[in-house]
Amino acid sequence: MSLLPYDDRDGEIWFDGAFTPWRDAKVHVVCHGLHYGSAVFEGERIYEGKIFKLEEHTDRLFKSAEILGMEIPFTADQINQACYDACTRNGIVNGYVRPIAWRGSEEMGISAQRTKTHVAIAAWEWPSYFPKEIREKGIGLKTTYWKKPAPDTAPCFAKASGLYMLNTIAKHDAEAEGFQDVLMHDYRGYVAETSGANLFMVKDGVIYTPIADCFLNGITRATIIDMAREYGYTLEEKHIMPDELMEADEIFITGTAVEVTPIGRIDDTPFTVGPVTKDLMARYSALTHAHAKEKESA
Ligand SMILES: Cc1ncc(COP(=O)(O)O)c(C=O)c1O
């Protein structure tokens, strides 16, 4: 990953309907999105020129905006096209795409009925979320004391910028102690997710994943659930207690950024990267690259 600051790069960003030089894609400091966290975003991966599950991501962007009462002034087709254009204009064939929508500077204060919703889309190269050597052995998670809030405490089904305040605090704490990421429980004490990915465990050949009733129901999570069932695994969604998780044979996490990443330890408990995890990692990689293979063999 490049260490260049994100505001000082070559390239172009799609900004409210037109492309602007990367360095000029700015918002004013007196902006509702910045002051009050009124922003929603997506994280997409492009593989060999094709954005994986683009329509699902765009759909979620609109749903997230709706939950926050924001109206995106573009159609889904326009956003989809702009995501591809952002990749093409920046020469990104394998990378990450970040659409974001936020309330602007037209009005300030908690009530912001007259603000306009602005939209920008940036794309950049972003190979592996965790360093390859660490990923292969499985990453370490530290359980945080921060809890995923109840659905009547935060808009937990929106991919809303403001919600990540918690995740960043928790992830920084975990990193300070040598872990790669954080394990979050929910307000009831059930296992929830990491800072940016959903979680699965394997016990006696059965795959379990927490019910997504107070955290983001990831697009990768849905893909893995379908894929596992298609390939004959038994998969159950259920509430999982932390003690049960610690007894698992295998644990892995899923997300657009992390793809399928094995867990090597949680707090002081080690886990091995098992056959189910390896199988699903390989199958997910094949699925995200399927179109490229088809092209090759055509
Ligand atoms: C908090 C959180 N949970 C789960 C996910 C996984 O979602 P997806 O698979 O749609 O990327 C993400 C990533 O978007 C996330 O930020």
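α6 passes α8 in a right-handed crossing. Helices (H or I, at least four residues) and strands (E, at least two) are DSSP runs, numbered from the N terminus. The model is predicted: local features need pLDDT of at least 70, side-chain atom pairs count only at pLDDT 80 or more, and totals for chains, interfaces and linings use all residues. Residue numbers start from 1 along each chain as its sequence is written.

The table sets out two helix pairs. Axes are lines fitted to C-alpha atoms, for helices over the stretch in contact, and angles run from 0 to 180 degrees between N-to-C directions.

| Pair | Axes come within | Crossing angle |
|---|---|---|
| α6 and α8 (residues 275-288) | 11 Å | roughly 110 degrees |
| α2 (residues 54-67) and α3 (residues 76-89) | 10 Å | roughly 125 degrees |

The angle of roughly 110 degrees makes α6 roughly perpendicular to α8. Angles of 65 to 115 degrees count as roughly perpendicular, under 35 as roughly parallel, over 145 as roughly antiparallel and the rest as oblique. Ile224, Met227 and Ala228 of α6 meet Leu280, Arg283, Tyr284 and Leu287 of α8. Contact requires C-beta atoms, placed from the backbone, within 7 Å. By class, this contact has six nonpolar, no polar and one charged residues. Ala, Val, Leu, Ile, Met, Phe, Trp, Tyr, Cys and Pro count as nonpolar, Asp, Glu, Lys and Arg as charged, and the others, Gly among them, as polar.

The α2 and α3 axes cross at roughly 125 degrees, which makes α2 oblique to α3. This crossing is also right-handed. Leu54, Glu55, Thr58, Asp59, Leu61 and Phe62 of α2 touch Ala76, Ile79, Asn80 and Cys83 of α3. Those residues divide into six nonpolar, two polar and two charged.

In total, 15 residues surround the ligand, and the closest are Gly218, Ile219, Thr220, Gly255 and Thr256. A shell residue has its C-beta atom, placed from the backbone, within 6 Å. The shell holds four nonpolar, eight polar and three charged residues.

The chain divides into domain 1 (12-124) and domain 2 (132-288), with bounds from an automatic or database domain assignment. Their C-alpha centres lie 26 Å apart.

Terms used:
A crossing is left-handed if the near helix is turned anticlockwise from the far one by less than a right angle, and right-handed if clockwise. Two residues are in contact if their C-beta atoms, placed from the backbone, lie within 7 Å.
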